[in-house]
Amino acid sequence: MHRGKGVAIWCGMAMLTVLMAGVALAQQPADPNKEQFVPILIYRTGPYAAGGSGIMGGFMDYMALLNERDGGINGIKLVWEECETAYNNDRGVECYERLKAKGVKGAPVVNPLSTGITYALIDRATNDKIPLVSLGYGRTDATDGRVFPYVFPLITNYWNQSSAKVRYIAQLSGGEDKLKGKKIVNLHLNVPYGKETIPIWDKLAEKFGFEVKHLAVPPPGLDQKSLWLQIREYNPDWVVNRNWGVSCTEPLREAARIGFPRDKMLGVWWCGSEEDVFPAGKSAKGYMTTNFHGVGRDFPVIEEIIDKVYTPGKGNLPVTRAGSVYYNRGVIHGIITAEAMRLAHQKFGVAPISGEQMQWALENLNITPERIKEIGAEGLMFPLKTSCKDHEGGGAVRIQQWDGEKWVSVSDWIKPYSDLVRAEVEKSAAQYAKEKGITPRACN
Amino acid sequence: MVYRESGQFKTTYANDMAMFPITQDRWGLTVIIVIAVVVVPVVASNYWITSLLIPFLIFALAALGLNVLTGYAGQLSLGHAGFMGVGAYAAYNLATRIPDMPLLLSFLGAGLITTVVGMLFGLPSLRIKGFYLAVATLAAQFIIEWAFSSIGWFSGGTATMTLDTPPMIIFGYRIHTPRQRYYLTLGIVMLLTLLAKNLVRSQVGRAWMAMRDMDVAAEAMGIRPLTTKLLAFAISSFYAGVAGALYGFVFLTSVDITAFELERSFRLLFMVIIGGLGSILGSFLGAAFIVLLPILINNAATLFVGTVPTNLIANIELMVFGGLIIFFLIVEPYGLARLWHTTKEKLRLWPFPH
């Protein structure tokens with residue numbers, strides 16, 4: 001018995017030594033000069049896996065398309081490495097630190113895919129001079145590029161989205177003056193992403209005279225019965241569904257249970273994909289969400305991906321997911337990254353790009369309608385023009401509605417209340433600058 | 001041969017009562033300290049320092065606090081992540097609300113505030129024991145989580161409840177590079193470990209161990225349960241508070257209650273159990289096991305398996321990690337520290353069998 005125990009102990013130690021050796025060896029990247037490394041922070045496990053895998057899956061598929069069809073960007077092949085964050089801030093930071101130095105000049109851009117991880121990375125990324133692209137998520141006040149040179153909440157941010165929702169509700173109610181006295185519930189997931197719109201809703205409520213009630217869903221949000229009982233008591237006119245992952249589907253079921261009309265539920269764009277509504281079945285019919293891009297497979301670029309990447313079996317998701325809302329969003333991530341890289345190649349020469357060069361490119365992006373048509377994304381994505389002061393570049397959203405089988409666009413492009421939002425953004429950014437002792441850059 | 005103790009005679013009482021009586025142990029400890037202070041900052045890459053060593057040190061400190069409470073004093077606590085959170089928020093509020101507050105004083109203040117909170121939640125320990133106390137501390141965890149999510153005052157009224165910590169400045173010297181942060185963490189952890197080691201060898205430590213082993217007999221002997229148990233909670237919460245402050249300021253540079261959830265409490269408890277209850281070394285070994293091993297497995301798996309999808313790697317990591325926990329608990333139920341202790345005892349005799 002004694003000897004057996006000793007052998008077991010030595011086996012255990014040997015296993016540990018092998019693992020340590022594995023780690024020591026794993027830290028050696030070996031990269032030639034014709035490869036552009038892109039880190040992929042993804043979550044394929046956990047309650048938010050549907051979104052994480054869909055978006056990053058689309059991103060990776062677009063890069064695979066560029067490699068297959070064009071041999072990369074201007075001849076530089078794209079290589080990427082996935083790191084599982086499970087939507088966890090610690091793991092996100094660890095993945096960032098692990099991947100940031102890979103490639104000849106290091107990672108050019110990082111997509112954290114989580115507002116919480118973005119917050120944790122802002123200081124580090126600014127120090128390391130690697131831009132963070134938080135496409136369609138936080139940190140909202142990073143729209144002010146003078147204070148946040150290395151953070152890009154591209155296309156549109158949450159505060160703009162919330163104000164666009166108010167405009168849409170006003171449209172449906174017959175005018176902004178009809179908003180007075182209405183009751184709106186802000187059902188949000190109790191994580192940084194969920195809480196980010198609380199101040200702007202309060203501001204909008206103040207301006208237009210409606211009442212807003214913030215109800216926090218404890219993550220992961222599978223059980224929302226008590227919150228929906230509160231909603232039934234409160235009897236609001238509208239419920240904003242600001243959740244993520246499995247917590248997006250639950251409100252639809254609960255609303256069906258208490259008989260709250262689904263077409264008075266307005267979800268955010270992170271709760272507006274097929275993966276969110278399919279599990280709810282019939283109770284999802286009529287549910288509306290915002291979106292900032294096109295849906296479905298009817299775009300040349302999506303069809304090309306299915307043709308050139310999935311047919312030879314190189315896709316990384318089941319092909320039925322291609323064309324879902326999250327997938328298309330991922331393809332847009334890829335398109336924007338690729339366009340920024342092309343711009344950087346034009347200015348700095350065709351070679352692997354560093355973080356600083358990418359930052360310049362992201363600040364000077366101008367994706368015109370003609371270019372979008374060339375890429376094959378007409379109707380999928382919309383023109384984007386960034387600048388030093390404006391790290392967002394777009395702003396408008398549309399409303400789509402689930403008809404039981406697919407998403408149907410039910411509105412035109414809705415512009416947000418940009419002046420109100422921009423004022424709040426600048427105020428918040430200025431406070432951040434004061435707290436951190438940063439002098440805002442002077443933009444021309 | 002390794003531990004040749006012939007010729008090592010203790011001629012004074014001080015020598016006899018030394019923390020590390022065997023010369024080889026002292027040499028070993030010196031080597032470890034030299035490696036930690038001198039060699040690691042020079043040799044290790046930024047990735048190792050920021051993502052592996054700093055969290056390891058911070059969690060070792062928190063596990064040390066929990067070990068004092070659970071391992072030495074025998075009071076089970078499932079609320080230690082909450083106390084870490086209290087420390088983090090307290091440090092943030094002290095640093096931002098009081099102008100020109102020195103960083104180290106914020107950490108100290110955070111520790112003291114957490115001490116008060118910990119003592120408050122430790123009051124039930126005077127009436128209930130064992131698993132029931134675990135439930136009371138679980139309540140502490142949930143109350144603290146709820147308080148920081150809902151009460152806006154703690155977050156200074158910021159929009160998103162994720163707080164960015166102010167830059168760290170000690171005596172006019174700004175601390176932001178990985179190495180500087182490593183030195184700050186290492187310094188604080190070394191100081192507090194020395195303090196803990198001395199505490200557990202003192203009368204206070206013996207009182208804790210008496211309460212743990214047989215509290216009725218201890219009380220009969222004259223050890224006051226009120227002061228002993230509350231002191232255990234106090235010291236333990238102080239450590240957790242300082243660890244939480246370090247976590248928020250040094251590691252994540254942001255303070256957010258989602259980092260101090262119930263899962264974190266369980267992890268701290270696992271660190272203490274696997275490392276070894278009632279052992280200072282055990283806290284460090286347990287922290288290394290729980291913090292570093294999953295990342296090492298992940299890295300090793302990516303090396304060996306190449307282009308396997310990450311979800312498979314994430315699941316393999318969980319499986320291997322769970323398997324290793326079971327393995328170590330079968331091989332040595334008293335934890336890794338006991339494993340080291342057994343090895344050392346054998347080495348002291350080797351090559352003789354007895």
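## Perpendicular helices in chain B

Helices α3(B) and α11(B) are roughly perpendicular to each other, a term for angles of 65 to 115 degrees. In this predicted model, helix α3 (residues 46–72) of chain B packs against helix α11 (residues 262–275) of chain B at an angle of about 70 degrees, and their axes are 9 Å apart. Axes are lines fitted to C-alpha atoms, for helices over the stretch in contact, and angles run from 0 to 180 degrees between N-to-C directions. Helices (H or I, at least four residues) and strands (E, at least two) are DSSP runs, numbered from the N terminus.

On the α3(B) side, the contact is made by B:F59, B:A62, B:A63, B:L66, B:N67, B:T70 and B:G71, and on the α11(B) side by B:L268, B:L269, B:M271, B:V272 and B:G275. Residues are in contact if their C-beta atoms, placed from the backbone, lie within 7 Å. This contact of α3(B) with α11(B) comprises 8 nonpolar, 4 polar and no charged residues. Ala, Val, Leu, Ile, Met, Phe, Trp, Tyr, Cys and Pro count as nonpolar, Asp, Glu, Lys and Arg as charged, and the others, Gly among them, as polar.

## Numbering and confidence

Residues are numbered from 1 along each chain as its sequence is written, while chains are lettered from A and ligands numbered from 1 in the order in which they are written. Local features need pLDDT of at least 70 and side-chain atom pairs count only at pLDDT 80 or more, whereas totals for chains, interfaces and linings use all residues.

## Antiparallel helices in chain A

Helix α5 (residues 158–173) of chain A and helix α15 (residues 418–436) of chain A cross at roughly 150 degrees, their axes coming within 10 Å. That makes α5(A) roughly antiparallel to α15(A), the term for angles over 145 degrees.

From α5(A), residues A:W159, A:N160 and A:S163 meet A:S418, A:L420, A:V421, A:E424 and A:V425 of α15(A). The contact of α5(A) with α15(A) has 4 nonpolar, 3 polar and 1 charged residues.

## Domains of chain A

Chain A is divided into domain 1 (31–157 + 296–395 + 431–436) and domain 2 (158–294 + 396–419), with bounds from an automatic or database domain assignment. The centres of domain 1 and domain 2 of chain A, taken over C-alpha atoms, are separated by 27 Å.

In chain A, 28 residues of domain 1 are in contact with 28 residues of domain 2. On the domain 1 side, α2 (49–70), α4 (115–128) and α12 (325–348) of chain A are the elements that give two or more residues. Helix α12(A) provides the largest share of that side, 5 residues.

Key
Angles under 35 degrees count as roughly parallel, over 145 as roughly antiparallel, 65 to 115 as roughly perpendicular and the rest as oblique. Two residues are in contact if their C-beta atoms, placed from the backbone, lie within 7 Å.
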